[in-house]
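Student: I would like to learn how to read a protein model step by step. Could we go through one together, beginning with the sheet and ending with single residues?

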Amino acid sequence: MNHYVYLIEQRNALPTEAKYYIGVRSCKCNVGDDPYMSSSVTLREQVQNLGNQSFNKIILKRFDNRIDANKYEIE
């Protein structure tokens, strides 16, 4: 199982309008190929309206277990 913390940012957003989402994810897939964006209803709606190409998903750190990934996300 792969565990990682990621950041979602909107591309081309003005600095005053920039918003970020940080989440944690566990999956059996290759981390770099994981299409998952978020469980956030607000973010999912934005992605649906603007399209995946309007957002960057950045893997911040990978972990061997979910507990360490959750701790890092909280920090």
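**Reading a sheet and a buried residue**

Tutor: Please keep in mind throughout that this is a predicted model.

Student: In what order do the strands of the sheet lie?

Tutor: In general, strands of a sheet pair through backbone hydrogen bonds, either parallel or antiparallel. Here 3 strands form an open sheet in the order 2-1-3, with antiparallel pairing. Strand 2 and strand 3 (55–63) are the edge strands, each pairing on one side only, and the twist from one strand to the next averages 25°.

Student: How many bridges join strand 1 and strand 2?

Tutor: Strand 1, which covers residues 2–10, pairs with strand 2 over 8 bridges; among the partners, Tyr6 is bridged to Gly23 in strand 2. Helix 2 (residues 66–74) packs on the sheet and touches strand 1, strand 2 and strand 3, its direction making about 180° with that of strand 2.

Student: Is Asp34 buried or exposed?

Tutor: A residue counts as buried when its relative accessible area is under 20%. Asp34 is buried because its relative accessible area is 8%, and Asp34 is found in the loop between strand 2 (20–27) and helix 1 (41–50).

Student: Which side chains make polar contacts with the side chain of Asp34?

Tutor: The side chain of Asp34 makes a polar contact of 2.6 Å with that of Tyr4, and another, of 2.8 Å, with that of Arg25.

Student: Where does Cys27 lie?

Tutor: Cys27 lies in strand 2 and, at 5% relative accessibility, counts as buried. Leaving aside residues up to four places away in sequence, Cys27 touches Met1, Asn2, Tyr4 and Asp34.

Note on methods:
Residues numbered from 1 in each chain as written. Predicted model: local features only at pLDDT ≥ 70, side-chain atom pairs only at ≥ 80, totals over all residues. Heavy atoms only, no water. Helix = DSSP H or I, 4+ residues; strand = E, 2+ residues; numbered from the N terminus. Buried < 20%, exposed > 50% of the residue type's maximum accessible area, 1.4 Å probe, protein only. Polar contact = N/O pair within 3.5 Å; in protein donor to acceptor, adjacent residues only side chain to side chain. Contact = heavy atoms within 4.5 Å. Pairing = 2+ DSSP bridges. Axes fitted to C-alpha atoms, helices over the stretch in contact; angles between N-to-C directions.
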